[in-house]
Amino acid sequence: MGTPLPLPLPLLLLLFIFLCLAPSPLCTAIRSFPAAADVPRFAEAPEYRNGRGCPAVSPASSSCDPSLVHVAMTLDSEYLRGSIAAVHSVLRHASCPENVFFHFVAAEFDPASPRALTRLVRSTFPSLNFKVYIFREDTVINLISSSVRQALENPLNYARNYLGDILDPCVDRVIYLDSDLVVVDDIRHLWETPLRRSRVIGAPEYCHANFTKYFTDAFWSDPVLSRAFGSREPCYFNTGVMVMDLARWREGGYRKRIEGWMEVQRRRRIYELGSLPPFLLVFGGNVEAIDHRWNQHGLGGDNVRGSCRSLHPGPVSLLHWSGKGKPWVRLDERRPCPLDHLWEPYDLYSKRGGRFGFGFGSGSGSGSPSSFSSSGSTLMMGYTSYLL
């Protein structure tokens with residue numbers, strides 16, 4: 001037999017693309033997505049370094065290192081720009097950014113694959129210490145009921161219910177943050193919040209809010225359901241910023257308690273607002289009250305109009321655009337609310353770089369914006385974990 005002739009270069013390229021995109025037993029851990037999907041390009045963030053007095057951290061530190069501050073967030077294509085800005089804000093204001101470990105929970109069926117999102121985070125924060133976990137949507141999809149706004153029905157909104165199962169067992173405390181916020185204070189101050197009297201979560205409470213409006217008349221008129229709070233005096237709290245004791249969460253079976261109320265909702269329609277009311281039912285009246293400065297929420301307006309809001313009185317450590325309006329959308333549409341400009345300095349979206357297919361491209365942006373200071377901090381090497 002003669003020597004096989006080499007394939008022409010165009011044919012080799014086609015074969016390479018086919019092998020990359022075709023289903024394969026070697027790729028079963030990650031779901032395949034349409035090749036046409038893409039994610040934005042972001043500029044590379046400055047490299048923030050630890051200040052004096054920070055605990056020493058190994059360059060290859062695992063999530064079990066006791067010196068770490070654990071932050072959990074969701075990661076998806078729709079809110080990606082907000083998530084990147086939130087991470088940037090945490091690092092920029094942290095006194096010990098090397099000691100911050102991010103846990104990103106990615107949707108199983110998001111148009112951007114978990115691998116693509118991982119590459120994007122790495123390219124934007126090259127030395128960040130983080131993991132990406134896949135959230136199995138079938139875990140919760142049959143428990144979700146319709147809400148006043150379709151975005152509130154996204155299964156990823158319920159990922160916070162499963163952090164005790166998703167994160168490593170050695171992680172016994174975590175700060176959960178939504179993707180539509182920026183932190184303007186040292187995250188360690190929030191991390192060190194004591195959870196007294198065996199409380200499981202801590203969050204800013206708003207006892208002046210009309211608590212009854214978060215549940216339907218069917219709930220309050222039912223003699224059994226309406227006694228759900230017992231002797232507790234519940235106050236409204238926003239689940240977008242929480243300090244969670246995962247050891248107590250696991251021991252108390254709180255995931256099952258929340259799922260129990262979601263099952264009641266499917267049968268009786270006892271609330272309208274998605275993932276928030278089950279938390280209120282389980283924890284209302286038993287929350288460690290954190291200073292309001294750690295959640296200046298509602299800046300996105302209400303859930304229907306998304307109108308502009310002003311800050312609540314008092315100091316600010318965290319700005320939260322909960323509600324319909326998001327700052328990156330309003331800024332791009334050239335109709336920002338005044339407070340949207342406070343979010344803008346943390347935005348790393350590269351308007352000059354265009355977009356790249358999430359299976360290809362270097363992923364690095366055009367460099368760090370000159371307006372960002374790189375003094376006072378450093379990041380850690382990142383790696384990825386996929387849970388199926």
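Predicted model: local features only at pLDDT ≥ 70, side-chain atom pairs only at ≥ 80, totals over all residues.
1. Let's start with α2, which runs over residues 80–93. With 14 residues at 1.5 Å each, the helix should span 20 Å, and its end C-alpha atoms do sit 20 Å apart, so the geometry agrees with expectation.

2. How many of the 14 residues of α2 are buried? Twelve, so the helix is mostly covered, with buried meaning under 20% relative accessible area. Among them are Leu80, Ile84, Val87, Val90 and Leu91, but also Arg81 and His88.

3. Across the whole structure, a search turns up 18 salt bridges.

4. Arg255 and Asp165 pair up through their side chains at 2.8 Å, N to O. This pair ties together distant parts of the chain, 90 residues apart: Arg255 belongs to helix α8 (residues 254–268) and Asp165 to helix α4 (residues 163–166). Arg255 has 22% relative accessibility, so it counts as partly exposed; Asp165 is also partly exposed, at 48%.

5. Glu272 and Arg269 form another salt bridge, at 2.7 Å, N to O. Glu272 comes out partly exposed at 33% relative accessibility, and Arg269 is partly exposed too, at 27%.

6. Glu47 has a relative accessible area of 39%, which means partly exposed, and Arg49 is partly exposed at 47%.

Methods. Residues numbered from 1 in each chain as written. Heavy atoms only, no water. Helix = DSSP H or I, 4+ residues; strand = E, 2+ residues; numbered from the N terminus. Expected span 1.5 Å × (residues − 1). Buried < 20%, exposed > 50% of the residue type's maximum accessible area, 1.4 Å probe, protein only. Salt bridge = Lys/Arg side-chain N within 4 Å of Asp/Glu carboxyl O.
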